[in-house]
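Visitor: I would like to learn how to read this model, one feature at a time. Where do we begin?

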Amino acid sequence: MGCGASAQNNDDAKDATVAELLRRVEVQVGGNPSLLGDNELAALGRIAKTRGARVTTSGSGGASNDSGAVSASLAPTWHAVVDEHGSAAIGERILAQLMAIQPMAAVAFHDIPRDAQAVAIARMIDQVVKVESNAAAVVPSLLSLGARHAHYGLEPDVLKDMQLATMAVLEELTGGEMPDAERAEWARVWGIVIDLMSHGLSSPTGIANRERYERSCAQAVRQLWYRVLLKQSEAPEDRRPMTKVMYRKVIETRPELARFDNLTDFRTAGRIMNLITDTIDKLAVGSDTSTMLRECGSRHIAYGVTADHMRSFEPAFLDTCAEYVGAQEFTPVARHHFTNFWRHLIAGMEAGLCGEAAMDPAAARAPREGPIAVVFTD
């Protein structure tokens, strides 16, 4: 963009408070995520240009002249605790609090050193207090940060947990003497930050990062699943197929599911194992599984199988996999990935149980008599 274009736009541009610009960011990014672009620092300029507005800040990262730039009042508290305790130590405290509130955060960031996470958290909070007073740099940075978080499979709810963790630590470090007005300002500014990062999560870059994350998880599930199959082939006869073990675990807590005893039948068990394997293989290469799972689910209608029945097998499935490969391989991260896989499998089949097939009279005709299986694949 040349100087001539900027000069021409200046004639029509209207001054806007930073708070107003942030509201416009929400509208613009929500309606046209491509405005994020590849250059973080250029993103806000493109958004402002589209809306015919320009940011009025001090230009030095200090407080704006705008009445909306009240987040500058948060900086003294933050900088005071940083000066006393050190940013890394505060970041570590916030991280520990976050893990207590949301244990899955530990799974998401399992491959990042803890000290690096603490430093990153402190850096993020430093941006939070500047979101309005230095919006031109901070807003696009937070949009980009949200997009990067999609690479770890995080959902917007984790950002709210981060807010809770941060405020708990600040309350502790200030001796619980934070004024109500300042507490309300933190809440307001965090609301802006969460909105911006959520937009980043749903931006084109965020979506692409999420897809890469899901593909990586599926490949990890496939690798470990074939280890499960190998261990199954080496197991004693009373532990083959693994659905025998899974079935025994289920009826310990759900005796009414004893009617699914043909899960121990070798032929039925083979079909179940094939369905799981086929689904895992498809997910690992990015193939669609919806049609296959929906059709499989619709075939369960004739047997009175419900989604609740299938969901009840989740703990047994996970525990059985863990038994076959051992805790050293079936780590909390692996368990999380297998949990997501099982829920994907059940959600896909539930679409068949609750979809058009559920209203089809033909679906009520069972192809055979006798006990039923949770995953019938004929």
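Guide: With burial. Buried means under 20% relative accessible area, exposed means over 50%, and partly exposed lies in between (1.4 Å probe, protein chains only). Accessible areas come from the Shrake-Rupley method with a 1.4 Å probe, and for residues only the protein chains shown count as cover. Thr277 has 12% relative accessibility, so Thr277 counts as buried.

Visitor: What should I know about the model itself?

Guide: This is a predicted model, where local features need pLDDT of at least 70, side-chain atom pairs count only at pLDDT 80 or more, and totals for chains, interfaces and linings use all residues. Residues are numbered from 1 along each chain as its sequence is written, and side-chain values use heavy atoms, with hydrogens and water left out.

Visitor: Where does Thr277 sit, and which residues does Thr277 touch?

Guide: Two terms come in here. Helices (H or I, at least four residues) and strands (E, at least two) are DSSP runs, numbered from the N terminus. Contact means heavy atoms within 4.5 Å. Thr277 is placed in helix α13. Leaving out residues up to four places away in sequence, Thr277 touches Trp225, Tyr226 and Leu229.

Visitor: How many helices and strands does the protein chain have?

Guide: The protein chain has 17 helices and two strands. Of its 378 residues, 44% are buried. The accessible surface is about 18300 Å², and carbon and sulfur atoms account for 52% of that. Now take contacts between residues at least 6 apart in sequence: 78% of them join residues at least 24 apart.

Visitor: How do I read a nonpolar core?

Guide: In soluble globular proteins, nonpolar side chains tend to be buried together. Here, a nonpolar core is a set of buried Ala, Val, Leu, Ile, Met, Phe, Trp, Tyr and Cys residues joined through side-chain atoms within 4.5 Å. The largest one has 40 residues, and those with the most contacts inside it are Trp78, Val131, Trp186, Trp190 and Val193. The elements giving two or more residues to this core are α4 (75-85), α5 (87-101), α7 (114-128), α8, α9 and α10. Helix α10 supplies the largest share, nine residues.

Visitor: Which residues does Trp78 touch?

Guide: Beyond four places in sequence, Trp78 touches Ile90, Ala122, Ile125, Asp126, Val129, Leu170 and Trp186. A second, separate core has 38 residues, including Val221, Cys296, Ile346 and Met349.

Visitor: Cys296 belongs to α14. Which residues of α14 (residues 290-298) are buried?

Guide: Leu293, Cys296, Gly297 and Ser298. These buried residues of α14 pack against α13 (266-284) and α17. Cys296 has 1% relative accessibility and counts as buried. Cys217 is buried too, with a relative accessible area of 12%.

Visitor: How many disulfides does the structure hold?

Guide: A disulfide is a covalent bond between the sulfur atoms of two cysteines. The test is a pair of cysteine sulfur atoms within 2.5 Å. The structure holds zero disulfides.

Visitor: How do I read charge pairs?

Guide: Side chains of opposite charge can pair when their charged atoms come close. A salt bridge is a side-chain nitrogen of Lys or Arg within 4 Å of a carboxyl oxygen of Asp or Glu. The whole structure has 15 salt bridges. In one of them, Arg210 meets Glu155 at 3.0 Å, N to O. Arg210 lies in helix α11 (residues 204-234) and Glu155 in the loop between α8 (135-149) and α9 (156-173), so the pair ties together parts 55 residues apart in sequence. Arg210 is partly exposed at 23% relative accessibility, and Glu155 is partly exposed at 41%.
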